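This report looks at how the parts of one protein chain are arranged. Please keep the model beside the text while reading.

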Amino acid sequence: MNVLIINQSEVRALLPMDACIALMAGALAVLARGEALNPLRRGLLLPDKRGILGLMPGYVVPMRMMGAKVISVFPDQREAEYDSHQGAVLLFETEQGRLLSIIDASEVTAIRTAAVSAVATQRLARKDASDLAILGSGVQAHRHLEAMFLVRSIERVRIWSRTPEHAQAFAARAARRYNCPIHAVPTAEDAVRGADLICTTTSAREPVLMGDWLTPGAHINAVGSSVPYARELDTKAIAQSRLFVDRRESALREAGDFLIPRQEGVIDETHIQGELGEVLIGRIPGRRSPEETTIFKSLGLAIEDVAAGYYIYHQAIERGAGTWVELGGQRHLD
Ligand code: NDP
């Protein structure tokens, strides 16, 4: 069995953000049509709670590909050499079950998550949204900035991060790349007030975004929290907005941003308007008026990783990228 290993820099070259946005829209539509399997992910939390090992299997029927992302999440290692998300996407074909490819998961996760937020922004943000706030300044913040520029005409960006120097460094680096005013601001409130497009990309466990700060008509991509006990948005922000999710079943198990207000009795399950894929296939409406506030709660789905892996694998073969390794998988009876 020949397996193609595709490393981090190759993923970056093979999966441009604009291509990934289109790919993610397709994958989420497939999920909404019932043509994909995405069991709930499993996580192994280390006893000292410093990190999680996540296992995320998925199957995308039209691609005839199944796979699993195996990923460690070790937050708060900003000064370290390594990404907070490390691992591999294992891509399998579904005729004989052969492992086709092992792909760096740090880069896949970084790109596909921002691409999904871009799809949500296309469907849920106002067409004229141009004032962007980003909370957080890590890997996801960088990728979200890139993705938001692709789907809206951004005229101003404000960045807040827990560590002010990180926000300043982010803004300085971004200002060199984008022809747009990009400012680091001292508080999350300074970033969010008046913004019509907001991406929350922090590892915070307690809310960093308050409903009181939101301007009517804003759209929020809530990306950072993906466990039931952590949230980035306060109860008021969730309660006053139309809430869309990547997957209902996952949100009901994993989304602290939704589950904590529900525990408080402020909202119930009906507060979830539906899945982004359902908006994409026209089953449910997206934004209905310029005044309503919308939230896309992203948790991250295995089918996004499988779809990205499928695309990267084929691009790599076409361009002669990656490294082939003879791994095994042969049937031996003696
Ligand atoms: P990074 O480690 O690169 O960045 C983490 C960011 O979170 C930094 O800006 C840091 O601020 C901020 N932060 C950490 N702790 C706190 C806190 N207590 N309060 C406020 N801000 C805090 O991580 P990533 O960018 O890769 O990931 C960000 C989040 O997104 C993570 O929680 C991750 O699990 C989640 N994620 C979600 C995905 C999805 O599909 N929805 C996919 C991938 C990631 P500073 O450095 O200024 O201190």
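How many residues of domain 1 are in contact with how many residues of domain 2?

## Basis of the report

This is a predicted model, in which local features need pLDDT of at least 70, side-chain atom pairs count only at pLDDT 80 or more, and totals for chains, interfaces and linings use all residues. Residues are numbered from 1 along each chain as its sequence is written, and side-chain values use heavy atoms, with hydrogens and water left out.

## Two domains

The domain assignment (bounds come from an automatic or database assignment) gives domain 1 as 2-109 + 302-326 and domain 2 as 127-297. In answer to the opening question, 22 residues of domain 1 are in contact with 28 residues of domain 2, where contact means heavy atoms within 4.5 Å. The centres of the two domains, taken over C-alpha atoms, are separated by 24 Å.

## Two packed helices

Helix α2 (residues 17-32) packs against helix α4 (residues 139-151) at an angle of about 75 degrees, with their axes 10 Å apart. That makes α2 roughly perpendicular to α4, a word used for angles of 65 to 115 degrees. Axes are lines fitted to C-alpha atoms over the stretch in contact, with angles running from 0 to 180 degrees between N-to-C directions, and helices are DSSP runs (H or I) of at least four residues, numbered from the N terminus.

Met 17, Asp 18 and Ile 21 in α2 meet Arg 143, Glu 146, Ala 147, Leu 150 and Val 151 in α4.

Terms used:
Angles under 35 degrees count as roughly parallel, over 145 as roughly antiparallel, 65 to 115 as roughly perpendicular and the rest as oblique.
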